[in-house]
Amino acid sequence: MNADARSGTAGSGAARSGAAPERTGLDRRRFLGAAGAAGLAAATAACDTPGDGPTETATATASASSTAAAEAAERRLPGNADWRLRSTGPPDAVEGYPDRVSVLPGEKFGLHVSTTAPGFTVSAYRIGWYAGAGARLVWRSPPTPGRRQPPGRLIDATRTVRADWERTTEVATEGWPPGAYLLRLDADGGHQRYVPLVVRSPSARGRTVVMHAVATWQAYNTWGGYDLYRGEDGAYASRSLAVTFDRPYTLDGAEKFLVYERALVVLAERLGIPLAYTTGADVHADPAALRGATAVLSLGHDEYWTPQQRANVAAARDAGANLAFLGANTCYRRIRLEDGAPGGARTVVCYKSAYQDDPYLASHPTLPTNDFRQPPAADPESPLTGVLYEGYPTDAPYVVHAPDHWLFQGTGVRAGDRFDHLVGVEYDRVTPGMPTPRPLEIISHSPLVCNGRDSHADSAYYTAASGAGVFASGTMRWVEGLMAGTGENGRNHGLDARTGAFVTRTTENLLRAFAEGPAATVRPRPRDNVAAVYAT
């Protein structure tokens with residue numbers, strides 16, 4: 001969210017054809033690619049470089065074909081609609097956390113569980129379409145002895161709460177397909193809670209990458225009485241300066257995933273496009289995590305990024321990967337990830353307005369853990385996303401501005417059509433005068449009031465020099481909109497079935513186009529209208 005105390009603002013008909021123009025022969029990009037491939041082949045032949053011959057190419061092709069077949073078979077499997085919780089019980093009834101935020105298929109992870117019951121079981125559900133069931137049971141543990149583990153301990157220097165529980169069991173993921181998983185803890189007596197886990201894909205090549213916002217999940221996790229917004233007394237001044245993955249999540253154990261991410265995963269799986277799964281922490285750690293991706297999806301609430309994650313996402317765009325920002329307040333907080341046992345990121349550091357108190361800053365003066373747009377290393381998110389975060393809270397209709405944009409094809413919308421409550425609770429807008437990619441097309445322009453101030457939220461679309469298309473929804477409720485009218489997500493802000501149909505069709509258009517390759521080569525380019533929209 002924008003203000004450190006979560007209040008105020010940060011500052012001041014018929015669709016166009018979705019087909020690309022018909023090509024005869026090779027265009028310049030394809031010609032250069034063909035020429036480059038021919039040159040590489042000649043160099044390979046001259047140098048006799050091992051590993052690049054026809055046998056290896058055929059093997060890679062066969063492997064890709066086998067993977068695609070396995071994924072198609074997975075999506076045809078029957079699901080298990082019983083994945084939902086029936087009773088969470090008291091907060092300490094059963095809760096747990098994994099010692100890794102993600103694993104590769106076949107890797108093991110430790111599970112740390114505390115329960116007041118004498119025993120429990122673990123059920124691993126992979127989230128997907130599965131003919132409407134929403135998940136599939138991939139693995140279930142045998143009955144496991146339970147114990148109540150000690151309360152968390154507070155690290156005074158950063159007011160970080162760590163559980164530091166003993167490992168209860170080790171889980172092997174042999175045979176688990178890549179995907180987003182909910183591990184359901186079932187305590188004897190019936191109480192249940194989730195533990196989220198991502199089984200990440202070995203490669204992003206040729207795939208749409210679903211990038212789960214694990215740092216943001218943790219930033220808002222109040223387990224032990226502290227998160228990055230407030231301390232045990234409810235005050236901003238006593239907030240954590242660093243939070244750790246070595247503790248459970250509060251409430252049902254997976255609130256941020258269920259509200260802001262799950263519905264998009266289900267839709268993308270239903271469409272059958274090639275998918276890869278990762279987390280922001282993994283994109284931070286590995287510059288190759290997005291190599292060869294056709295698209296990268298940032299989901300409904302993806303606020304906390306490291307500079308490395310941002311650089312790697314920008315590099316993917318500049319290599320031709322399409323980007324979709326399906327929320328608001330994206331890439332707003334600049335963080336540092338610190339590793340811990342058994343390996344990988346375990347701590348999210350964000351001092352915010354107290355960034356000068358961070359001892360790390362003395363030797364790394366360009367890496368403050370404050371808002372990206374703030375000095376001493378001001379770098380607002382808009383050059384990447386096309387939009388700028390402005391405020392919280394708001395609740396407003398989403399208003400269509402460019403009904404003939406290809407993203408709206410098949411929705412039947414007209415200019416000025418409104419979808420109540422779709423803009424909120426935080427919003428982004430195109431901000432003239434701030435760094436903004438051009439040409440950029442504003443396709444929705446929604447009047448709103450935030451803390452007594454009149455403004456607008458914008459959905460925007462631009463294309464990069466690489467041909468990559470970049471879409472930003474401008475509202476944190478976009479993924480929630482996929483559930484509108486379904487009964488999921490409780491009252492869901494009053495979003496209705498008409499809104500659900502609109503958001504779903506628009507997102508389908510986006511995912512299908514972005515899966516084809518650089519969007520500028522397969523869909524019309526943006527018509528820059530920023531000056532016209534903001535002329536009045």
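Me: Which residues have the most contacts inside the largest nonpolar core?
Reply: Tyr304, Tyr398, Phe502 and Phe514 do, in a core of 76 residues. A nonpolar core here is a set of buried Ala, Val, Leu, Ile, Met, Phe, Trp, Tyr and Cys residues joined through side-chain atoms within 4.5 Å. Buried means under 20% relative accessible area, exposed over 50%, and partly exposed in between (1.4 Å probe, protein chains only). The model is predicted: local features need pLDDT of at least 70, side-chain atom pairs count only at pLDDT 80 or more, and totals for chains, interfaces and linings use all residues. Residues are numbered from 1 along each chain as its sequence is written, and side-chain values use heavy atoms, with hydrogens and water left out.

Me: Where does the largest share of this core come from?
Reply: Helix α5 contributes that share, with seven residues. Helices (H or I, at least four residues) and strands (E, at least two) are DSSP runs, numbered from the N terminus.

Me: And how many residues of α5 are buried?
Reply: Nine of the 10 residues in α5 (residues 262–271) are buried, among them Arg262, Glu269 and Leu271. Gly272 follows the helix and has a positive phi, near 80°.

Me: Back to Phe514, what does it touch?
Reply: Leaving out residues up to four places away in sequence, the contacts of Phe514 include Trp406, Tyr461, Phe471 and Ala519. Contact means heavy atoms within 4.5 Å.

Me: Changing topic, in what order do the three strands of the open sheet stand?
Reply: The order is β1-β3-β9, with antiparallel pairing. Two strands pair if DSSP finds at least two bridges between them. β1 (94–98) and β9 (169–172) are at the edges with a single partner strand each, so one side of each has no neighbour in the sheet.

Me: How many bridges pair β3 with β9?
Reply: Four bridges pair β3 (residues 108–115) with β9, and Leu111 is opposite Thr169 in β9.

Me: Why is β10 described as largely enclosed?
Reply: Nine of the nine residues of β10 (residues 179–187) are buried, so the rest of the structure largely encloses this strand.

Me: Which residues stand opposite Leu185 of β10?
Reply: Val122 stands opposite Leu185, and in β11 the bridge partner of Leu185 is Arg193. β10 runs antiparallel to β4 (residues 119–127), with seven bridges, and also to β11 (residues 192–199), with eight bridges.

Me: What is the phi of Gly189 in the hairpin of β10 and β11?
Reply: Gly189 has a positive phi near 105°, and the hairpin has four residues between its strands.
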